Amino acid sequence: MTTKTKHVTTFSQLCICISHVFKKLLNFATMKRLLSRVINRALLSASFTPVMACEAEIHSRMRLVVGLGNPGYEGSRHSVGMAVLGALAARLGVADSWRGDKHVSGEVIVSEIQDTRVVLLRPKLLMNVNGVSVTKAAGKYRIKPEDILLIHDDLDKPLGKIVFKNGGSARGHNGVRSCLDCLQTDVMPRLRVGIGRPSSKTPVDRYVLGRFSHEEQKVLSGVLEQSVDLILSRLVEVDMQSPSSPPGGGQAAQKKRKTRENSASPDKEATLVQS
(Lines give C-alpha, C1' and ligand atoms only; values in the text may rest on other atoms or scores of the structure.)
Protein backbone atom coordinates (compact mmCIF):
# COMPACT_ATOMS: atom_id res chain seq x y z
CA MET A 1 0.00 0.00 0.00
CA THR A 2 1.43 3.37 -1.01
CA THR A 3 1.81 6.29 1.37
CA LYS A 4 -0.86 8.20 -0.54
CA THR A 5 -3.30 5.31 -0.20
CA LYS A 6 -2.61 5.10 3.54
CA HIS A 7 -3.37 8.81 3.95
CA VAL A 8 -6.65 8.44 2.07
CA THR A 9 -7.66 5.43 4.17
CA THR A 10 -6.80 7.23 7.40
CA PHE A 11 -8.77 10.28 6.31
CA SER A 12 -11.77 8.11 5.41
CA GLN A 13 -11.68 6.41 8.80
CA LEU A 14 -11.46 9.79 10.51
CA CYS A 15 -14.50 11.02 8.59
CA ILE A 16 -16.44 7.91 9.59
CA CYS A 17 -15.52 8.40 13.26
CA ILE A 18 -16.59 12.05 13.15
CA SER A 19 -19.86 11.04 11.47
CA HIS A 20 -20.58 8.49 14.23
CA VAL A 21 -19.86 11.09 16.94
CA PHE A 22 -22.24 13.61 15.37
CA LYS A 23 -24.94 10.95 15.03
CA LYS A 24 -24.60 10.05 18.70
CA LEU A 25 -24.76 13.70 19.74
CA LEU A 26 -27.79 14.24 17.54
CA ASN A 27 -29.50 11.18 18.96
CA PHE A 28 -28.73 12.32 22.52
CA ALA A 29 -30.13 15.80 21.87
CA THR A 30 -33.21 14.32 20.19
CA MET A 31 -33.82 11.87 23.02
CA LYS A 32 -33.35 14.62 25.60
CA ARG A 33 -35.88 16.81 23.79
CA LEU A 34 -38.37 13.96 23.48
CA LEU A 35 -37.94 13.10 27.17
CA SER A 36 -38.61 16.71 28.16
CA ARG A 37 -41.72 16.72 26.00
CA VAL A 38 -43.00 13.52 27.61
CA ILE A 39 -42.39 14.93 31.10
CA ASN A 40 -44.17 18.18 30.16
CA ARG A 41 -47.24 16.29 28.98
CA ALA A 42 -47.18 13.90 31.94
CA LEU A 43 -47.16 16.75 34.47
CA LEU A 44 -50.19 18.31 32.86
CA SER A 45 -53.49 16.84 33.99
CA ALA A 46 -55.08 14.37 31.61
CA SER A 47 -58.20 16.52 31.42
CA PHE A 48 -56.31 19.67 30.38
CA THR A 49 -57.56 21.39 27.24
CA PRO A 50 -55.21 23.76 25.38
CA VAL A 51 -56.14 27.38 26.04
CA MET A 52 -56.79 28.09 22.37
CA ALA A 53 -59.47 25.41 22.31
CA CYS A 54 -61.37 26.56 25.41
CA GLU A 55 -64.98 27.38 24.65
CA ALA A 56 -65.35 29.49 27.79
CA GLU A 57 -65.21 33.26 27.35
CA ILE A 58 -61.65 34.57 27.70
CA HIS A 59 -60.99 37.82 29.58
CA SER A 60 -60.10 40.35 26.88
CA ARG A 61 -58.08 42.53 29.24
CA MET A 62 -56.05 40.02 31.16
CA ARG A 63 -52.32 39.36 30.83
CA LEU A 64 -49.92 36.77 32.20
CA VAL A 65 -46.30 37.78 32.82
CA VAL A 66 -43.92 34.90 33.56
CA GLY A 67 -40.36 34.98 34.87
CA LEU A 68 -38.76 31.74 33.68
CA GLY A 69 -36.11 30.20 35.92
CA ASN A 70 -35.10 27.45 38.31
CA PRO A 71 -36.44 27.39 41.88
CA GLY A 72 -33.54 27.61 44.30
CA TYR A 73 -31.41 29.45 41.75
CA GLU A 74 -33.24 32.77 41.81
CA GLY A 75 -29.99 34.78 41.80
CA SER A 76 -28.43 32.92 38.86
CA ARG A 77 -28.03 34.13 35.29
CA HIS A 78 -30.45 31.45 34.06
CA SER A 79 -33.14 32.83 36.40
CA VAL A 80 -32.74 36.48 35.42
CA GLY A 81 -36.35 36.33 34.21
CA MET A 82 -37.42 35.87 37.83
CA ALA A 83 -35.30 38.87 38.83
CA VAL A 84 -37.04 41.05 36.25
CA LEU A 85 -40.43 39.80 37.46
CA GLY A 86 -39.46 40.65 41.04
CA ALA A 87 -38.48 44.16 39.95
CA LEU A 88 -41.83 44.51 38.19
CA ALA A 89 -43.69 43.44 41.34
CA ALA A 90 -41.69 45.99 43.35
CA ARG A 91 -42.52 48.76 40.86
CA LEU A 92 -46.21 47.88 41.14
CA GLY A 93 -45.99 47.93 44.94
CA VAL A 94 -46.98 44.27 45.34
CA ALA A 95 -43.60 42.65 46.07
CA ASP A 96 -44.90 41.23 49.36
CA SER A 97 -48.01 39.69 47.82
CA TRP A 98 -46.61 36.47 46.37
CA ARG A 99 -48.69 33.44 47.27
CA GLY A 100 -48.20 29.80 46.45
CA ASP A 101 -50.76 28.19 44.18
CA LYS A 102 -50.49 24.41 43.91
CA HIS A 103 -52.98 24.41 41.04
CA VAL A 104 -50.48 26.22 38.81
CA SER A 105 -47.31 24.78 40.37
CA GLY A 106 -45.98 28.23 41.13
CA GLU A 107 -46.29 31.51 42.98
CA VAL A 108 -48.61 34.23 41.70
CA ILE A 109 -49.59 37.83 42.20
CA VAL A 110 -52.75 39.28 40.66
CA SER A 111 -52.47 43.03 40.14
CA GLU A 112 -54.11 45.84 38.19
CA ILE A 113 -52.50 48.18 35.67
CA GLN A 114 -55.10 50.74 34.69
CA ASP A 115 -58.08 48.55 33.73
CA THR A 116 -55.95 45.55 32.78
CA ARG A 117 -55.62 42.66 35.19
CA VAL A 118 -52.11 41.24 35.23
CA VAL A 119 -51.10 37.88 36.68
CA LEU A 120 -47.43 37.58 37.64
CA LEU A 121 -46.15 33.99 37.73
CA ARG A 122 -43.00 32.43 39.20
CA PRO A 123 -42.97 28.72 38.28
CA LYS A 124 -41.85 26.37 41.04
CA LEU A 125 -40.85 23.66 38.58
CA LEU A 126 -37.45 23.20 36.94
CA MET A 127 -36.70 25.31 33.87
CA ASN A 128 -37.13 22.39 31.46
CA VAL A 129 -40.76 21.98 32.57
CA ASN A 130 -41.67 25.62 33.28
CA GLY A 131 -44.24 25.32 30.51
CA VAL A 132 -46.40 23.11 32.71
CA SER A 133 -46.81 25.90 35.24
CA VAL A 134 -47.41 28.51 32.52
CA THR A 135 -50.04 26.37 30.83
CA LYS A 136 -51.87 25.64 34.08
CA ALA A 137 -51.94 29.35 34.96
CA ALA A 138 -53.18 30.26 31.47
CA GLY A 139 -55.96 27.70 31.80
CA LYS A 140 -56.95 28.80 35.31
CA TYR A 141 -57.15 32.50 34.43
CA ARG A 142 -58.40 31.91 30.87
CA ILE A 143 -55.58 33.85 29.25
CA LYS A 144 -54.83 33.44 25.55
CA PRO A 145 -51.28 32.43 24.55
CA GLU A 146 -50.72 35.72 22.72
CA ASP A 147 -51.39 37.53 26.02
CA ILE A 148 -48.62 35.63 27.85
CA LEU A 149 -45.31 37.45 28.16
CA LEU A 150 -42.31 35.20 28.85
CA ILE A 151 -39.20 36.77 30.42
CA HIS A 152 -36.01 34.75 30.09
CA ASP A 153 -32.25 34.85 29.74
CA ASP A 154 -30.49 34.93 26.37
CA LEU A 155 -26.94 33.64 25.88
CA ASP A 156 -26.70 35.20 22.43
CA LYS A 157 -27.16 38.75 23.74
CA PRO A 158 -24.56 40.54 25.89
CA LEU A 159 -25.44 41.65 29.39
CA GLY A 160 -27.07 45.05 29.03
CA LYS A 161 -29.13 44.23 25.94
CA ILE A 162 -32.83 43.39 26.16
CA VAL A 163 -35.01 42.41 23.24
CA PHE A 164 -38.75 41.99 22.75
CA LYS A 165 -39.45 39.05 20.48
CA ASN A 166 -42.94 38.61 19.05
CA GLY A 167 -43.31 34.84 19.12
CA GLY A 168 -41.31 32.35 17.08
CA SER A 169 -39.01 29.45 17.90
CA ALA A 170 -37.41 28.70 21.27
CA ARG A 171 -33.92 29.44 19.88
CA GLY A 172 -32.46 26.67 22.02
CA HIS A 173 -33.93 27.87 25.33
CA ASN A 174 -35.32 24.87 27.25
CA GLY A 175 -37.79 26.89 29.31
CA VAL A 176 -39.29 28.52 26.25
CA ARG A 177 -39.36 25.18 24.43
CA SER A 178 -41.32 23.72 27.34
CA CYS A 179 -43.87 26.54 27.02
CA LEU A 180 -44.20 25.97 23.28
CA ASP A 181 -44.68 22.22 23.79
CA CYS A 182 -47.28 22.60 26.53
CA LEU A 183 -49.27 25.48 25.01
CA GLN A 184 -48.95 23.93 21.55
CA THR A 185 -48.23 27.29 19.95
CA ASP A 186 -45.34 29.71 19.53
CA VAL A 187 -47.23 33.02 19.53
CA MET A 188 -46.20 34.07 23.04
CA PRO A 189 -44.17 37.32 23.07
CA ARG A 190 -40.90 37.20 25.02
CA LEU A 191 -38.56 39.61 26.72
CA ARG A 192 -35.06 38.23 26.11
CA VAL A 193 -32.55 39.50 28.66
CA GLY A 194 -28.94 39.18 27.56
CA ILE A 195 -26.50 37.43 29.89
CA GLY A 196 -23.64 36.95 27.41
CA ARG A 197 -21.67 33.78 26.79
CA PRO A 198 -19.00 32.30 29.08
CA SER A 199 -15.31 32.19 28.29
CA SER A 200 -14.07 29.16 26.38
CA LYS A 201 -12.91 27.50 29.62
CA THR A 202 -16.26 27.74 31.44
CA PRO A 203 -18.98 25.15 30.66
CA VAL A 204 -22.28 26.73 29.63
CA ASP A 205 -24.33 24.89 32.27
CA ARG A 206 -22.02 26.06 35.06
CA TYR A 207 -22.06 29.59 33.68
CA VAL A 208 -25.84 29.98 33.44
CA LEU A 209 -26.41 28.49 36.90
CA GLY A 210 -23.77 30.78 38.40
CA ARG A 211 -24.43 34.17 39.95
CA PHE A 212 -23.62 37.52 38.41
CA SER A 213 -20.23 38.95 39.32
CA HIS A 214 -19.85 42.18 41.28
CA GLU A 215 -19.23 44.14 38.08
CA GLU A 216 -22.17 42.46 36.34
CA GLN A 217 -24.42 43.38 39.27
CA LYS A 218 -23.79 47.06 38.52
CA VAL A 219 -25.06 46.59 34.97
CA LEU A 220 -27.89 44.28 36.09
CA SER A 221 -29.56 46.96 38.23
CA GLY A 222 -30.00 49.12 35.14
CA VAL A 223 -31.15 46.13 33.10
CA LEU A 224 -33.91 45.38 35.61
CA GLU A 225 -35.13 48.98 35.61
CA GLN A 226 -35.18 49.25 31.83
CA SER A 227 -36.82 45.83 31.48
CA VAL A 228 -39.65 46.90 33.78
CA ASP A 229 -40.09 50.11 31.78
CA LEU A 230 -40.46 48.12 28.57
CA ILE A 231 -42.84 45.58 30.12
CA LEU A 232 -45.11 48.30 31.49
CA SER A 233 -45.02 50.08 28.16
CA ARG A 234 -46.05 46.85 26.49
CA LEU A 235 -48.85 46.13 28.95
CA VAL A 236 -50.40 49.60 28.79
CA GLU A 237 -49.87 50.10 25.06
CA VAL A 238 -53.56 49.63 24.31
CA ASP A 239 -54.47 52.13 27.03
CA MET A 240 -52.17 55.02 26.08
CA GLN A 241 -55.11 57.33 25.35
CA SER A 242 -56.21 57.01 28.97
CA PRO A 243 -55.28 60.09 31.08
CA SER A 244 -54.19 57.89 34.00
CA SER A 245 -50.88 56.08 34.35
CA PRO A 246 -50.20 52.59 35.69
CA PRO A 247 -48.81 52.34 39.21
CA GLY A 248 -45.11 53.01 38.83
CA GLY A 249 -45.51 53.10 35.08
CA GLY A 250 -45.31 56.80 34.35
CA GLN A 251 -41.70 56.48 33.29
CA ALA A 252 -42.60 53.64 30.96
CA ALA A 253 -45.32 55.69 29.29
CA GLN A 254 -42.93 58.58 28.72
CA LYS A 255 -40.32 56.27 27.15
CA LYS A 256 -42.76 54.43 24.89
CA ARG A 257 -42.37 56.81 21.97
CA LYS A 258 -38.57 56.67 22.18
CA THR A 259 -38.62 52.86 22.30
CA ARG A 260 -40.71 52.73 19.13
CA GLU A 261 -38.43 55.11 17.28
CA ASN A 262 -35.36 53.05 18.18
CA SER A 263 -36.94 49.82 17.01
CA ALA A 264 -35.77 48.74 13.57
CA SER A 265 -37.93 45.60 13.39
CA PRO A 266 -41.17 44.11 14.79
CA ASP A 267 -39.08 42.94 17.74
CA LYS A 268 -38.35 45.74 20.19
CA GLU A 269 -34.70 45.95 21.17
CA ALA A 270 -32.92 48.10 23.69
CA THR A 271 -29.34 48.30 24.86
CA LEU A 272 -28.23 49.53 28.25
CA VAL A 273 -25.14 51.67 27.86
CA GLN A 274 -22.93 51.75 30.92
CA SER A 275 -21.40 55.16 31.56
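Start by selecting residues 238-266, where pLDDT stays under 50. The model is predicted, and for this stretch it has 35 contacts beyond four places in sequence. Next, colour the whole protein by pLDDT: the mean is 78, and 65% of the residues reach 70 or more. Residues 50-59 also have pLDDT below 50, and this stretch has 17 contacts in the model beyond near neighbours in sequence.

**Into the core**

Now select Val65, Leu88, Leu120, Ile151, Leu191, Val193 and Ile231. In the largest nonpolar core, which has 34 residues, these touch the most other members. The elements that give two or more residues to this core include helices H2 (80-91), H5 (204-209) and H6 (214-235). Among the strands that do so are S3 (106-113), S4 (116-123) and S5 (148-154), along with S6 (161-166) and S7 (189-194). Which element gives the most to this core? Select H6: its share is nine residues.

Stay with Leu191 for a moment and show what surrounds it. Leaving aside neighbours within four places in sequence, Leu191 is in contact with Val84, Leu149, Leu150, Ile151, His152, Ile162, Val163, Phe164, Ser227 and Ile231. A second, separate core has 22 residues, including Ala137, Ile143, Leu150 and Met188.

**Along helix H3**

Select residues 130-141 to bring up helix H3, which has twelve residues. From its first C-alpha to its last, H3 reaches 17 Å, close to the 16 Å expected at 1.5 Å a residue. Is H3 largely enclosed or open? Nine of its twelve residues are buried, so H3 is largely enclosed by the rest of the structure. To see them, pick out Asn130, Gly131, Val132, Ser133, Val134, Thr135, Ala137, Ala138 and Tyr141. Then step to Arg142, which follows H3 and has a positive phi, near 55°.

Go to Ser105, in the loop between strand S2 (99-101) and S3. Ser105 is not a glycine, yet its phi is positive, at about 55°. Its relative accessibility is 16%, so Ser105 counts as buried.

Then move to Gln184, in the loop between helix H4 (174-183) and S7. This residue, too, is other than glycine and has a positive phi, near 60°. Is Gln184 buried or partly exposed? At 48% relative accessibility, Gln184 counts as partly exposed.

**Around His78**

Select His78, in the loop between strand S1 (62-67) and H2. With a relative accessibility of 14%, His78 counts as buried. Not counting residues up to four places away in sequence, His78 touches Leu68, Gly69, Asn70, Met127, Asp153, His173, Val208 and Leu209. Which of its partners is joined to His78 by a polar contact of 2.9 Å between side chains? Show Asp153 to find that pair.

How many disulfides does the structure hold? The count is zero. Select Cys179 and Cys182 to look at a pair of cysteines: for Cys179, the nearest cysteine sulfur is that of Cys182, 7.2 Å away. Cys182 is likewise in no disulfide. Cys179 counts as buried, at 0% relative accessibility, and Cys182 is buried too, with a relative accessible area of 1%.

How values were computed. Residues numbered from 1 in each chain as written. Predicted model: local features only at pLDDT ≥ 70, side-chain atom pairs only at ≥ 80, totals over all residues. Heavy atoms only, no water. Core = buried A, V, L, I, M, F, W, Y, C linked by side-chain atoms within 4.5 Å. Buried < 20%, exposed > 50% of the residue type's maximum accessible area, 1.4 Å probe, protein only. Helix = DSSP H or I, 4+ residues; strand = E, 2+ residues; numbered from the N terminus. Contact = heavy atoms within 4.5 Å. Expected span 1.5 Å × (residues − 1). pLDDT = per-residue confidence, 0-100. Polar contact = N/O pair within 3.5 Å; in protein donor to acceptor, adjacent residues only side chain to side chain. Disulfide = S-S within 2.5 Å.
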